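Welcome! Please take a moment with the sequence and the 3D view, and then read on for a guided tour.

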Amino acid sequence: MRERIGALLDEARAALDGADTPQSLEALRVQYLGKKGPLSALLRGLGQLSAAERPEAGKWINAARVEMESAFAAREAGVKKAARALALAGETLDVTEPREDYPLGLLHPISTILDELVDLFSGMGYEVVEGPEVEYDLYNFELLNQPRHHPARDAQDTFYIEDNIVLRSHTSPVQARTMLSRKPPIRIISAGRCYRADEADATHSPVFHQIEGLYIDKGVSMSDLKGTLEAFARRVYGPEVNVRFRPSFFPFTEPSAEVDLTCPACKGAGGCRVCKGTGWVEVLGCGMVNPKVLELCGIDSAVYSGFAFGMGLERLAMQRFGIPDMRWLFEGDARMLGAGRGGSAQTEGRRGE
Ligand code: DAH
């Protein structure tokens, strides 16, 4: 009996050594410790032994069961540990590995241009200020020397909320607000959405963006304006760009000018669609702040002078990234995004349409 039990334990231990999964371990448990296993059979056979042999044999069988159970427990712990290590190895993540197909957020062309301009003008000492999009007629028109019923208002036909409240038709009302609330020297830029009652087409949109600049101090002259805008042109269009000032009219500046730059598409050669064959693209309006506007906004025009400029960001973005239709900038097509990275490549996908 003793030998049989000893042999059984040896056999079970050998079998256990070969069990390396929870499943094979369970099968061995049933085989050796189950009701139909050899130990249970031995227990059942106790009845056939003599009364003198029985207690001794019973002890051996129980001791063998305890020993076998502890061998199983030890093996089970080993198998679990190995299974865990295997699972962990399989799940290891290399958090430093780049995911090429991950869709990164990219800037809209308008944001790209705006960031660049804010960066440029902040570097020249301009402070960024904001103004409301729903604006009083007073700031949008009256204080900018465009009284009610003045024909100059026609060029900026906008949306009326109430009789004296409009959706601002340009960023220029921020000039009036700033002059009324601060003392010179004033050096600010302001950007944001503007509105006009225009049909949407390839070159118009009822909502668009402008950036405005205003500089007021003693002795500010037209040459300061030209120098500032030339620096802007070189930064946005590159060092080779030519800048042309064309006399123009705005009620809030005198004298006024429009600024044309070398066409970025044909480099001034002419005969291209972007510049309609002229070799120049028009980018902004500017001028010396009309003394009448200074006075209306509480600044002594005998002591101070200043210049101002305003430009549409859509036009800049279209020229810069070769976007032929202004509506593309408002349609929410993700192919428009990221145009600032690597030129106009990202808009290429739409161009074939
Ligand atoms: N506000 C003008 C427009 O929307 C642009 C402009 C022209 C702004 C001359 C200015 C300026 O500040 O001096 O057409």
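Predicted model: local features only at pLDDT ≥ 70, side-chain atom pairs only at ≥ 80, totals over all residues.

Residues are numbered from 1 along each chain as its sequence is written, and side-chain values use heavy atoms, with hydrogens and water left out. The ligand is surrounded by 16 residues, and the structure also holds 7 aromatic pairs.

**Around the ligand**

- The closest of the 16 surrounding residues are His170, Gln175, Arg196, Gln210 and Glu212; a residue counts as near if one of its heavy atoms lies within 4 Å of the molecule.
- This shell divides into 5 nonpolar, 9 polar and 2 charged residues. Here Ala, Val, Leu, Ile, Met, Phe, Trp, Tyr, Cys and Pro count as nonpolar, Asp, Glu, Lys and Arg as charged, and the others, Gly among them, as polar.
- Polar contacts are pairs of N or O atoms within 3.5 Å; within protein, one must be able to donate a hydrogen and the other to accept it, and residues adjacent in sequence count only if both atoms are side-chain atoms.
- The side chain of Glu212 has an N or O atom 2.6 Å from an oxygen atom of the ligand.
- Ser172 places a polar side-chain atom 3.0 Å from a ligand nitrogen atom.
- Ala308 takes part through its backbone, with an N or O atom 3.1 Å from an oxygen atom of the ligand.
- How much of the ligand does the protein bury? Taken alone, the ligand exposes 350 Å², and the protein buries 92% of that; accessible areas come from the Shrake-Rupley method with a 1.4 Å probe, and for residues only the protein chains shown count as cover.
- Strand 6 (207–217), strand 9 (280–289) and strand 10 (305–312) are the elements that give two or more residues to the shell around the ligand. Helices (H or I, at least four residues) and strands (E, at least two) are DSSP runs, numbered from the N terminus.
- Ala308 has its place in strand 10 and is buried, at a relative accessible area of 3%. Buried means under 20% relative accessible area, exposed over 50%, and partly exposed in between (1.4 Å probe, protein chains only).

**Aromatic rings**

- Among the 7 aromatic pairs, Phe121 and Tyr126 are edge-to-face, because their ring centres are 5.4 Å apart and their planes are at 75°. Rings of Phe, Tyr and Trp (its six-membered ring) pair if their centres lie within 6.5 Å; planes under 30 degrees apart count as stacked, over 60 as edge-to-face and the rest as tilted.
- Phe121 is buried at 0% relative accessible area, and Tyr126 is buried at 6%.
- Tyr215 and Phe307 also form an edge-to-face pair, with 5.4 Å centre to centre and 75° between the planes.
- Why does this pair tie together parts that are 92 residues apart in sequence? Tyr215 lies in strand 6 and Phe307 in strand 10, so the pair links those parts.
- Both partners are buried: Tyr215 has a relative accessible area of 15%, and Phe307 has 0%.
- One aromatic cluster is formed by Phe121, Tyr126, Tyr215, Phe232, Phe307 and Phe309.

**Charges over rings**

- Arg177 lies over the face of Tyr139, 4.2 Å from the ring centre. A charge sits over a ring if NZ of Lys or CZ of Arg is within 6 Å of the ring centre and within 35 degrees of the ring normal.
- Lys226 has its charged end over the ring of Phe245, 5.2 Å from the centre.

**Helix 10**

- Helix 10 (residues 313–321) is mostly covered, with 7 of its 9 residues buried. Leu313, Glu314 and Leu316 are among them.

**Backbone features**

- Pro184 and Pro185 are joined by a cis peptide bond, with omega about 0°. Pro185 is in the loop between helix 7 (173–181) and strand 5 (186–195).
- Another cis peptide bond runs from Glu254 to Pro255, with omega near -5°, and Pro255 is placed in strand 8 (residues 253–262).
- Asn145 is not a glycine, yet has a positive phi of about 65°. Asn145 is in the loop between helix 6 (137–140) and strand 3 (160–162).
- Is Asn145 buried or exposed? At 14% relative accessibility, Asn145 counts as buried.
- His149, found in the loop between helix 6 and strand 3, has a positive phi near 70° and counts as exposed at 78% relative accessibility.
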